[in-house]
Amino acid sequence: MEIFKFNILPMEDIERREAFKEAVNNCPLCGTGLKFEHEVDFLYNTVTEDCRCAECAMKIRTETYDLQ
Ligand SMILES: [Zn+2]
């Protein structure tokens, strides 16, 4: 019986994940953490996500997702 099992990722995988998280959560221009705002539309069952950088005073992206 195995009690402890550790999954250790290769450094390359960890770096790729960190780079992805950085790209999703930080401003591509200045690197500041982005602010996310969500608006739910129950008529169309969607949620719109606005993503802004407070430092650059810019809207970085807007995505609309379907609610499940
Ligand atoms: Zn910025």
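## Starting from Lys59

With 11 C-beta neighbours inside 10 Å, Lys59 counts as exposed, because the cut-off for that label is 12 or fewer. This is a predicted model, so everything here is about computed coordinates. Lys59 belongs to strand β3. Leaving aside residues up to four places away in sequence, Lys59 is in contact with Asp50 and Arg52.

What about the distance from Lys59 to Ala19? The two sit 40 residues apart in sequence, and their C-alpha atoms are 21 Å apart in space.

## The chain as a whole

Take a step back and the protein chain has one helix and three strands. Going along the sequence, the pattern reads α-β-β-β. The radius of gyration of the protein chain is 18 Å, while the globule rule gives 11 Å for 68 residues; the value is well over the rule, so the chain is more spread out than a compact globule.

As for burial, buried residues come to 0% of the 68 residues in the protein chain. Among contacts in the protein chain with a separation of 6 or more, 17% come from residues 24 or more positions apart.

## The helix

Helix α1 covers residues 11-25.

Is α1 covered or hardly covered? Hardly: the count of buried residues among its 15 residues is zero. As background for reading the side chains, an α-helix has 3.6 residues a turn, so residues three or four places apart point the same way.

## The sheet

The three strands make an open sheet in the order β1-β2-β3, with antiparallel pairing. At the edges stand β1 and β3 (58-66), each with a single partner strand, so one side of each is left without a neighbour in the sheet. From one strand to the next, the twist averages 20°.

Now for burial, strand by strand. Strand β1 (residues 35-41) has seven residues and the number buried is zero, so it lies largely in the open. In β3 the number buried is also zero, out of nine residues, so β3 lies largely in the open.

## β1 against β2

How many bridges join β1 to β2? Seven, with β2 taking in residues 46-53 and the two strands running antiparallel.

The hairpin of β1 and β2 has four residues between the strands, and Asn45 takes a positive phi near 55° in it. Asn45 is in the loop between β1 and β2, and that phi is a positive value in a residue other than glycine. Is Asn45 buried or exposed? Exposed, with 11 other C-beta atoms within 10 Å.

## β2 against β3

The pairing of β2 and β3 is antiparallel and takes in eight bridges. One of the facing pairs is Cys51 with Arg61, the latter in β3. Two residues already named come back here: Asp50 and Arg52 are the ones that Lys59 touches, not counting residues up to four places away in sequence.

Which residue takes a positive phi in the hairpin of β2 and β3? That would be Ala57, near 50°, in a hairpin with four residues between the strands. Ala57 is placed in the loop between β2 and β3, and its phi is a positive value in a residue other than glycine. Ala57 counts as exposed, with 7 C-beta neighbours inside 10 Å.

Technical notes:
Residues numbered from 1 in each chain as written. Predicted model: local features only at pLDDT ≥ 70, side-chain atom pairs only at ≥ 80, totals over all residues. Buried ≥ 20, exposed ≤ 12 C-beta atoms within 10 Å, placed from the backbone. Pairing = 2+ DSSP bridges. Axes fitted to C-alpha atoms, helices over the stretch in contact; angles between N-to-C directions. Rg over C-alpha atoms; globule rule 2.2 N^0.38 Å. Contact = placed C-beta atoms within 7 Å. Expected span 1.5 Å × (residues − 1).
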